[in-house]
Amino acid sequence: MVTVIKKPATVADLYKVANGGKAELVRGELRLMAPTGGDPSLSGGNIFVSLRQYVLDGRPGIAVPDNAGFIVDLPDRQSFSPDVAYFTGERPGMKFFQGAPVFAVEIRSENDYGPPAEREMAAKRADYFAAGTLVVWDVDLLSNDTVKVFRSSDPNTPTIYRRGETAEAEPAVPEWTMPVDELFA
């Protein structure tokens, strides 16, 4: 669920979101995001752990957990805060990441269903691709089509992975895979 605080907001305002809350800057508005429920949060942690191991195994890049900010320069969006990400740019120190992650994971929460949510998610994916993200996962723990892998090269035709299958994020995270069943572990 997203709450919009309307006023001309800036990246400086994003740094001031209270108590480490999660927010994105879209069309000059701070969009505050509700905390995630148990299953989506645990699934995000499992994806992060898998990506982190990929990096620890000697692959370049940074595995990024939930609540990190990525500053981008799009006409209607100035930031992202994916549930999990893989970033190949410079470490930002104490600041937000500069630029889009090459791989972003968006895990549906209980309010991320229905036509308005679908339109919002499609618009966000389009923004990710416009900012340079190569692959976006739409993770739906309530669907048989658990992981939909959208690629910037063909943004309207996802590859779908179900339980018992192994998902990937090519070309953003070369040779990395994750069993869909591990999202439920």
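Which residue stands opposite Tyr86 in β9? Phe103 does. This is a predicted model, where local features need pLDDT of at least 70, side-chain atom pairs count only at pLDDT 80 or more, and totals for chains, interfaces and linings use all residues. Residues are numbered from 1 along each chain as its sequence is written, and side-chain values use heavy atoms, with hydrogens and water left out. Helices (H or I, at least four residues) and strands (E, at least two) are DSSP runs, numbered from the N terminus. Two strands pair if DSSP finds at least two bridges between them.

**The six-strand sheet**

- Six strands make an open sheet with mixed pairing, in the order β4-β7-β9-β10-β11-β12.
- Its edge strands are β4 (62-64) and β12 (154-161), and each pairs on one side only.
- Neighbouring strands of this sheet are turned by 15 degrees against each other on average, direction ignored. Axes here are lines fitted to C-alpha atoms, for helices over the stretch in contact, and angles run from 0 to 180 degrees between N-to-C directions.
- Helix α2 (residues 38-56) packs on the sheet and touches β4, β7 (84-87), β9 (103-107) and β10 (135-139). Contact means heavy atoms within 4.5 Å. The direction of α2 makes about 20 degrees with that of β7.
- Helix α3 (residues 115-131) also packs on the sheet, touching β9, β10, β11 and β12. Its direction makes about 160 degrees with that of β10.
- Strand β11 (residues 147-151) runs antiparallel to β12, joined by four bridges. Lys148 stands opposite Ile160 in β12.

**Strand β9**

- β7 and β9 pair in the antiparallel sense over three bridges.
- β9 and β10 run parallel, with five bridges between them. Ala104 has Val136 in β10 as its bridge partner.
- Five of the five residues of β9 are buried. Buried means under 20% relative accessible area, exposed means over 50%, and partly exposed lies in between (1.4 Å probe, protein chains only).
- In a regular strand the side chains alternate between the two faces of the sheet.
- Both faces of β9 are covered, with Phe103, Val105 and Ile107 buried on one side and Ala104 and Glu106 buried on the other.

- Strand β5 (residues 70-71) is joined to β6 by two bridges, and the two run antiparallel. Ile71 stands opposite Ser79 in β6.

**The β2-β3 hairpin**

- Strand β2 (residues 22-26) and strand β3 (residues 29-33) run antiparallel, joined by five bridges. Val26 has Glu29 in β3 as its bridge partner.
- Two residues lie between the strands of this hairpin.
- Arg27, in the turn, has a positive phi of about 50 degrees, although it is not a glycine.
- Arg27 counts as exposed, because its relative accessibility is 53%.

**The second largest pocket**

- This pocket has a volume of about 280 Å³. On a 1 Å grid over the protein atoms alone, a pocket is an open set of points where a 1.4 Å probe fits, with protein on both sides within 12 Å along at least five of seven lines. Lining residues have an atom within 4 Å of a point.
- Of its 15 lining residues, the closest to the centre are Gly21, Asn67, Ala68, Gly69 and Phe96.
- α1 (11-15) and β2 are the elements that give two or more residues to the lining.
- The lining has eight nonpolar, five polar and two charged residues.
- Asn67 lies in the loop between β4 and β5. Its phi is near 80 degrees, a positive value in a residue other than glycine. At 37% relative accessibility, Asn67 counts as partly exposed.

**Other loop residues**

- Pro92 is in the loop between β7 and β8. At 23% relative accessibility, Pro92 counts as partly exposed.
- Pro92 and Phe70 are 22 residues apart along the chain, and their C-alpha atoms are separated by 9.8 Å.
- The peptide bond from Glu170 to Pro171 is cis, with omega near 0 degrees. Pro171 is in the loop between β13 (166-168) and β14 (177-179).

Terms used
Points joined across faces, edges and corners; volume = space filled by probe spheres on them. Nonpolar A, V, L, I, M, F, W, Y, C, P; charged D, E, K, R; others polar.
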